[in-house]
Amino acid sequence: MKQRSFVPKGAACFHIDYDGPGTDIYFLLLPKLTMLALSAAVEPLRVANQVTNKELYRWHLLTEDGGPVRCSNGIAVTPDYDLINLPKSSMAFICSGVEPIDSTSSRILNWIGRQRAFGCHIGGICTGAFTLAKAGLLRGRSFTLHWENQPAFVEHFIGLEPTNNLYEIDDGIMTCGGGNASLDMMLNMIERDHGKDLAVIVADMCIHARSNTRKSPQKSAYSEALSVRNQHLINAMQFMNASLEDSVSMDDVAREVNISRRQLERLFKLYVHTTPLQFYADLRVKRAYALLNETSLSITEIAAASGFTSTSQLAIQFRKRFGHSPSSFRKTWND
């Protein structure tokens, strides 16, 4: 193992009565991983060491062949190791990002199986759950991944349902939705290992408003971006999002949230500046967009999974929204 200092200098300090060994945490970087999610996982470990002036954690980067890997933003990251065997007491996180279904090889899956057999805990960051599912680790477990990639995930792995929580911990398997959810997951680990007070100061050092619980939902694109606080409208949006495959009428939506159709339309016009029908159609075409990008499903299967009655109906809406037919759009990604 390479020797390096994991305790940087800093102005803030915090005393803890701990003189035990540091915890080794490994991050397996897959192609096109999300850099924000990786850095949000590593930085709280660095800060915990810095403020205590103790080597509480040691972090190491791995790639499949030991060579640099490019993140989704195009920046290359140089690892410390290739697929080495890890110490029994360590923790390893699979770090993925865009196009996660194509980033896992049989060699990586075999490596995961060996590390689990040796007693290493394996988790996933951002879309790392795709790899964990391929490795057979998520059956019967509570887990999560980034909300953007959940539609493609459930189409690939029938019977596996991620939660919409920031992070999950189940039988030693830790997963999170990426972004700053990585930070919240690591703060939970720091609190578990060294107490709440240290977790609080680490969050303050990161200038991060820590979530109080892993049950906090991931920020959804449609409610947070609009800063909507009307509960009827939020409930309607959530019901629509959960009912994309089995298309529902706007009368059904109104009944579900206990308001009239007229009131539903008024709320959408006031807060979203569109009709509920158009909003629902936009959700469905965005679902198709995600499935085209991240699955190998046929256009017919994608149309059905997105609530369209036919491929021609999907093609009309998709071309109107993105300027391409579904088939030509997919071809541009494959070229």
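**Reading a core, a fold and some exposed residues**

Trainee: Which residues does F27 touch, not counting residues up to four places away in sequence?

Mentor: Contact means heavy atoms within 4.5 Å. With residues up to four places away in sequence left out, F27 touches L38, A41, V42, L45, W59, H60, L61, L62, F93, C95, I125 and M186. Keep in mind that this is a predicted model, in which local features need pLDDT of at least 70 and side-chain atom pairs count only at pLDDT 80 or more, while totals for chains, interfaces and linings use all residues. Residues are numbered from 1 along each chain as its sequence is written, and side-chain values use heavy atoms, with hydrogens and water left out.

Trainee: How many residues are in the largest nonpolar core, and which have the most contacts inside it?

Mentor: In soluble globular proteins, nonpolar side chains tend to be buried together. A nonpolar core is a set of buried Ala, Val, Leu, Ile, Met, Phe, Trp, Tyr and Cys residues joined through side-chain atoms within 4.5 Å. Buried means under 20% relative accessible area, exposed over 50%, and partly exposed in between (1.4 Å probe, protein chains only). The largest core here has 43 residues, and F27, L29, Y57, F93, I125 and L198 have the most contacts inside it.

Trainee: Which helices and strands each supply at least two residues of this core?

Mentor: Helices (H or I, at least four residues) and strands (E, at least two) are DSSP runs, numbered from the N terminus. The strands are β1 (23-29), β2 (57-62), β5 (91-95) and β8 (173-176), and the helices are α1 (35-52), α5 (181-194) and α6 (196-205). Helix α1 gives the largest share, 9 residues. There is also a second, separate core of 41 residues, which includes I84, L145, L292 and F308.

Trainee: How many helices and strands does the chain have?

Mentor: It has 14 helices and 8 strands. Of its 335 residues, 50% count as buried. Take the contacts between residues at least 6 apart in sequence: 66% of them join residues at least 24 apart.

Trainee: What radius of gyration does the chain have?

Mentor: The radius of gyration is taken over C-alpha atoms, and the globule rule is 2.2 Å times the number of residues to the power 0.38. A compact globule of 335 residues would come near 20 Å; the chain has 22 Å, which agrees. Along the principal axes, the C-alpha trace spans about 65 × 40 × 35 Å.

Trainee: Which residues other than glycine can I look at for a positive phi?

Mentor: Most residues other than glycine have a negative phi. Look at N258, where phi is near 60°; N258 sits in the loop between α9 (250-256) and α10 (261-271). H273 also has a phi near 60°, and H273 is in the loop between α10 and α11 (276-294).

Trainee: Is N258 buried or exposed?

Mentor: N258 counts as exposed because its relative accessibility is 67%. H273 is exposed too, at 67%.

Trainee: Where does T300 lie?

Mentor: T300 is in helix α12 (residues 299-305) and is exposed, with a relative accessible area of 54%. T300 and L314 are 14 residues apart in sequence, and their C-alpha atoms are 9.1 Å apart. For another case, take I316 in helix α13 (residues 311-322), exposed at 53%. Its C-alpha atom is separated by 9.4 Å from that of P326, 10 residues away along the chain.
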